[in-house]
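Here are some exercises to work through with the model open in your viewer. Try each task yourself, then step through the solution.

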Amino acid sequence: AFSSCRPKVCVVGSGPAGFYTAQHLIKGRQDVEVDIYEQLPVPFGLVRFGVAPDHPEVKNVINTFTQTAKHARCNFYGNVNVGKDVSVQELQQAYHAVILSYGAEGNRRMGIPGEDLAGVYSAKDFVGWYNGLPSCRELSPDLNCDTAVILGQGNVALDIARILLSPTDILKKTDITHPALEALTESKVRRVLIVGRRGPMQVACTIKELREMVKLPGTRPELVQADFEGVAQALPDLPRPRKRLTELMFKAAVEPPAKDEQERRSKASRSWGLRFFRSPAMVLPNPDGTKAAAIRLAVNKLEGSGEAARAVLTDEVEDVTCGLVISSIGYKSLLIDSSVPFDSGKAIVPNQMGRVQQAPGLYCSGWLKTGPTGVIATTMNNSFDTARSLMEDLDSGNLDMSAAKSGAQHIRTLLEERGVKPVTFSDWEKIDSVEVKRGESTGKPREKLLTVENMLQVAWA
Ligand code: FAD
């Protein structure tokens, strides 16, 4: 399948998936051109708006993404909302291939009474708030209570617990937003309970995040010894990462602390705890019904063991007084354009190795492809796989290359007609340098701009 025209490809979304897919294509073929469309004026998706502010090392991937964006065969178009400003079909007409990498912008709901009361937030919004996601700017969560309950025991839950309990002296040196830092400085939250449906041997977090909790200055662990019954006996047979994680938890819960640790704990003014075998049943309102005052948890028992163990409800319930409830039970991909095949049960685009089923020329990568699990490295690998599938299709002639495509030229005309002005990568670099400068006076790596309006102003100044 010989063709003389250059393959023009576009990527929708500029998170890790978008950038890693683009990188692999550009590296793998000397002729392919890649345009990246992003709804926000700023790139990098959850690396900017998800990853915790006190984990700056994780954000180093931005350097690699920047190299890709500056490659001669790559272009970035921010401030373009695909599905609204331009349709996926229009992109398909303008490009030989379209790769959907727009992540998981929705959140799974608990589906319990009281979920919409004031004081109840999704992890996605809460994280978006402290990380400066424009749509979450006005969340202003009420931190005027003693106890916060987080539902879910994955890394996102632990990130939130850590941010809620960290001494603000630590946070003020990060890129956490100024309003969040102020709110956390005033926060009355002294106790955070992290609730999971199953037991200590089924938690979804990783050891790094748990160790950070165990060592968090000014806090002590509050774990229930009885939850660890049988754990010591099961330890030797656990697979290695799970074993180390469980050992760490077991030690913190059951073993008497050494003298200096005991001293550290006795001085701590804040605490965190993992609560096992509990499912959220309802959020209970305060007397005048205006906001959350407690959460009712249903007590579970485990059936089976290991990773496959199931939580089964008992008749027992337990009420925990708390003014702040954060549900951290998962993100969820959304359908952005009705022409795209979508499996609403699994909330992913149905695909084989990144090839969208029954849609030649359409591909997907990242959380939209796999569902919202896995770290950046996982996302990188599945994005490389998608790029490989696309290149195979180019080699085999499975991708229609019979006509030259107009690419960004045509799309830019459409956008102009619709009054949409894209943000280029050098525009973003202006935003970047303003943010870095704003941070300098207070010793922060950056002080993020918090509204789209503000970002655009700086980009086009
Ligand atoms: P995203 O990063 O979400 O990128 C999707 C992009 O698409 C976004 O920029 C979005 O604005 C854009 N988009 C959405 N809709 C449209 C549209 N209609 N048109 C145009 N663009 C659109 N991993 C780690 O390795 N270490 C960590 O410390 C870590 N911390 C995390 C903390 C949190 C709170 C979360 C949620 C995840 C964390 N992860 C971490 C996981 C990591 O963020 C993901 O693996 C990765 O970001 C997924 O990449 P993605 O590109 O699929 O999605």
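**Exercise 1.** Find the salt bridge between Glu303 and Arg310 and classify the exposure of both partners.

*Solution.* Start with the distance: the side chains of Glu303 and Arg310 come together at 3.8 Å, N to O. Next, check accessibility, where buried means under 20% relative accessible area, exposed means over 50%, and partly exposed is in between (1.4 Å probe, protein chains only). Glu303 has a relative accessible area of 38%, so call it partly exposed. Arg310 has 52%, so this one is exposed. Finally, look for salt bridges that share partners: they link Arg48, Asp432, Glu435 and Arg446 into one network.

A word on the ground rules: this is a predicted model, with local features needing pLDDT of at least 70 and side-chain atom pairs counting only at pLDDT 80 or more, while totals for chains, interfaces and linings use all residues. Residues are numbered from 1 along each chain as its sequence is written, and side-chain values use heavy atoms, leaving out hydrogens and water.

**Exercise 2.** How many salt bridges does a search of the whole structure find, and which parts does the pair Arg6 and Glu33 tie together?

*Solution.* The search of the whole structure turns up 32 salt bridges. Pick out Arg6 and Glu33, whose side chains meet at 3.3 Å, N to O. Arg6 sits in the segment before β1 and Glu33 in strand β2, so this pair ties together parts 27 residues apart in sequence. Lys172 comes out partly exposed at 40%, and Asp169 partly exposed at 48%.

**Exercise 3.** Work out which strands pair with β1, and in what sense.

*Solution.* Begin with β1 itself, residues 8–12: four of its five residues are buried. Now count bridges, remembering that two strands pair if DSSP finds at least two bridges between them. Five bridges join β1 to β2 (residues 33–37), and the two run parallel. In that pairing, Val12 stands opposite Tyr37. To get from β1 to β2, the chain passes through helix α1 (residues 16–28), and this β-α-β crossover is right-handed. Right-handed here means that, with the strands pointing away from the viewer, the path from the first strand over the helix to the second runs clockwise. β1 also pairs with β4 (residues 97–100), again in the parallel sense, over four bridges. Here Val9 is opposite Ala97.

**Exercise 4.** Describe the interface between domain 1 and domain 2.

*Solution.* First set the bounds, which come from an automatic or database domain assignment: domain 1 is 8–105 + 333–423, and domain 2 is 107–330. Their centres, taken over C-alpha atoms, are 34 Å apart. Next, count contacts, meaning heavy atoms within 4.5 Å: 13 residues of domain 1 touch 18 residues of domain 2. The two domains bury about 1,200 Å² between them, 54% of it on carbon and sulfur atoms. (Buried area is the accessible area, 1.4 Å probe, that two parts lose on being put together, summed over both.) To finish, three salt bridges are counted between the domains.

**Exercise 5.** Is Ile326 buried or exposed, and which residues is Ile326 in contact with?

*Solution.* Locate Ile326 in strand β14 (residues 324–327). At 0% relative accessibility, Ile326 is buried. Leaving aside neighbours within four places in sequence, its contacts include Tyr121, Phe126, Val149, Ile160 and Leu164. Take Ile160: 166 residues separate it from Ile326 along the chain, yet their C-alpha atoms are 8.8 Å apart. Now turn to helix α6 (residues 155–165), where nine of the eleven residues are buried, so the helix is largely enclosed by the rest of the structure. Ile160 and Leu164 are among those buried residues.

Methods:
A salt bridge is a side-chain nitrogen of Lys or Arg within 4 Å of a carboxyl oxygen of Asp or Glu.
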